[in-house]
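I opened my notebook for a look through this structure. My notes follow, in the order in which I looked things up.

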Amino acid sequence: METTLGEILITKGDSVYHVSPEANVLEAAQMMKREKVGALLILQGEKILGILTERDMLHRVVAEGIDPAATKVHEVMTKDVVVLKPSLTVREAMRIVSDKRTRHLPVVKDGHLLGMISSGDLTHRVIAEEEGVIHALYDYIYGSYPA
């Protein structure tokens, strides 16, 4: 059985870094640097209004020569946020990451934000699962597999 996003969140935790839509881009960038994350959710209460990614800041602020201290997050955030259900498998989520060309995905159930999954989280899980299979096959081939 494949791992679900809900199972990843159990081990990863449910902390989600976020800012208000009225925060300025400089404050958001400083938070991203401090927390070592590549995206922040833009929340109003529990409602997801958007997401601000490193790419958003690069393309919509830096490359345009806009002052990040004078620019509100809601002016440059991505408004159409792709959200996932906790019941999705890792492989299903990876397909969405690839199709939608996004790296940070909030996990939502019944309108409630459960956490955030990144493409890195998905990749780490796939690698761990494949390493487990490789070790089991190795043990089977060389005789230490449980009978």
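**Entry 1**

I began with Val73. Setting aside neighbours within four places in sequence, I find Val73 in contact with Val19, Ser20, Pro21, Ala23, Asn24, Val25, Ala28, Ile42 and Leu52; contact means heavy atoms within 4.5 Å.

A note on the ground rules: this is a predicted model, where local features need pLDDT of at least 70 and side-chain atom pairs count only at pLDDT 80 or more, while totals for chains, interfaces and linings use all residues. Residues are numbered from 1 along each chain as its sequence is written, and side-chain values use heavy atoms, with hydrogens and water left out.

Next I looked up the largest nonpolar core, which has 14 residues; Val19, Leu40, Ile42, Leu52 and Val73 touch the most other members. A nonpolar core here is a set of buried Ala, Val, Leu, Ile, Met, Phe, Trp, Tyr and Cys residues joined through side-chain atoms within 4.5 Å. Buried means under 20% relative accessible area, exposed over 50%, and partly exposed in between, with a 1.4 Å probe and protein chains only. Two or more residues of this core come from each of α2 (25–35), β2 (39–44), α3 and α4 (73–76). The biggest contribution is that of α2, with 4 residues. I also noted a second, separate core of 13 residues, which includes Leu9, Leu88, Ala93 and Ile117.

**Entry 2: Leu52**

I then followed Leu52, which sits in strand β3. Is Leu52 buried or exposed? Leu52 counts as buried because its relative accessibility is 0%. Apart from neighbours within four places in sequence, Leu52 is in contact with Ala28, Met32, Gly38, Ala39, Leu40, Ile42, Met57, Val73, Val76 and Met77. Leu52 in β3 is also the bridge partner of Leu40. I checked Val81 too: Leu52 and Val81 are 29 residues apart in sequence, and 9.9 Å separate them in space, C-alpha to C-alpha.

**Entry 3: the strands**

Along the sequence the pattern reads α-β-α-β-β-α-α-α-β-β-α.

An open sheet has 3 strands in the order β1-β2-β3, with mixed pairing; two strands pair if DSSP finds at least two bridges between them. Which strands stand at the edges? They are β1 (18–19) and β3, each with a single partner strand, so one side of each has no neighbour in the sheet. The strands β2 and β3 run antiparallel and are joined by 6 bridges.

β4 and β5 (residues 112–118) pair in the antiparallel sense over 6 bridges, and Leu105 has Ile117 in β5 as its bridge partner. β4 is mostly covered, with 5 of its 6 residues buried. The two strands β4 and β5 form a hairpin with 2 residues between them.

**Entry 4: two positive phi values**

Asp110 lies in the loop between β4 and β5. Its phi is near 50 degrees, a positive value in a residue other than glycine. At 77% relative accessibility, Asp110 counts as exposed.

Lys36, in the loop between α2 and β2, has a positive phi of about 60 degrees although it is not a glycine. Lys36 counts as exposed, at 75% relative accessibility.

**Entry 5: pockets**

How I define a pocket: on a 1 Å grid over the protein atoms alone, where a 1.4 Å probe fits, a pocket is an open set of points with protein on both sides within 12 Å along at least five of seven lines, and lining residues have an atom within 4 Å of a point. Grid points are joined across faces, edges and corners, and a volume is the space filled by probe spheres set on the points.

The largest pocket has a volume of about 450 Å³. It is lined by 19 residues, of which Thr53, Arg55, Arg101, Thr102 and Arg103 lie nearest its centre. Two or more lining residues come from each of β3 (47–53), α3 (54–62), α5 (90–100) and β4 (104–109). The largest share, 5 residues, is from α3.

The second largest pocket has a volume of about 230 Å³. Its lining includes Lys36, His104 and Met116.
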